[in-house]
Amino acid sequence: MAVDIRQLQLQVFGDSKLVINQILGSYKVKKPELVPYHKYAQRLVSWLGEVTIQHVTRKENKRVDALAALASILSLPDQTQVTVCQIWVVPPPNDYEEEESEVEHIASVLEVEIEDWRQPLIDYLCYGILPENPRRKIEIRRRAPRFLYYKNTLYRQSFDGVLLRCLGANKSLQAL
């Protein structure tokens, strides 16, 4: 599926007042090594149809900071597989390339069907069905005793006995 990026709408929120104001043109980029990146960002913004760039103070951005902190302290086991849903290939900025290339402004968006992480647990809890992958089999067997499937909803029992509802792949956080 080809997407005309001039029809895309993009909202950019950043907590760096300096960077946001540099992109908006209110502040000048003083470090020479950052100028090519600034020019490239400006060119990308000019290609898009509608771009809003807004500064958000860190005080107003506590939820995102908390999610970033949580993500930075979580470690993934070696067997964990992460599915890439979208890949955008953006070439690095180049001081010497001021002309537009022959292939102008192409962006590819690939939709990938994401397997719901809950389904293998539900299959095992309800029907005793395990995945083909030996590592996944072991992982499901090990994790299953902490889960309960009740009235079409998967729950995980916390250490203090509270049942936590497990959210699907389209939610921002998942109960692990």
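This is a predicted model: local features need pLDDT of at least 70, side-chain atom pairs count only at pLDDT 80 or more; totals for chains, interfaces and linings use all residues.

Me: Is Asn152 buried or exposed?

Reply: Asn152 counts as exposed because its relative accessibility is 68%, and the cut-off for exposed is over 50%. Lys151 is also placed in the loop between β5 and β6 (153-157). Lys151 has a positive phi near 50° and is likewise a residue other than glycine. With 64% relative accessibility, Lys151 counts as exposed.

Me: How is a pair of aromatic rings described?

Reply: One gives the distance of the centres and the angle of the planes. This structure holds one aromatic pair. Trp117 and Phe147 form it edge-to-face, with 6.4 Å centre to centre and 65° between the planes. The pair links distant parts of the chain, 30 residues apart: Trp117 lies in the loop between β4 (107-108) and α4 (119-127), and Phe147 in strand β5 (residues 147-150). Both Trp117 and Phe147 are buried.

Me: Which ring has the charged end of Arg156 over it?

Reply: That ring belongs to Phe159; the charged end of Arg156 sits 5.9 Å from its centre.

Me: Which residues make the nonpolar surface patch of about 260 Å²?

Reply: Leu18, Val19 and Tyr27 make this patch. Tyr27 lies in the loop between α1 (17-24) and α2 (35-47). Tyr27 counts as partly exposed because its relative accessibility is 37%.

Key: Residues are numbered from 1 along each chain as its sequence is written. Side-chain values use heavy atoms; hydrogens and water are left out. Patches are made of residues with over 30% relative accessible area and no salt bridge: like charges are joined within 9 Å, nonpolar side chains (Val, Leu, Ile, Met, Phe, Trp, Tyr) within 5 Å. Accessible areas come from the Shrake-Rupley method with a 1.4 Å probe; for residues, only the protein chains shown count as cover. A salt bridge is a side-chain nitrogen of Lys or Arg within 4 Å of a carboxyl oxygen of Asp or Glu. Helices (H or I, at least four residues) and strands (E, at least two) are DSSP runs, numbered from the N terminus. Buried means under 20% relative accessible area, exposed over 50%, partly exposed in between (1.4 Å probe, protein chains only). Rings of Phe, Tyr and Trp (its six-membered ring) pair if their centres lie within 6.5 Å; planes under 30 degrees apart count as stacked, over 60 as edge-to-face and the rest as tilted. A charge sits over a ring if NZ of Lys or CZ of Arg is within 6 Å of the ring centre and within 35 degrees of the ring normal.
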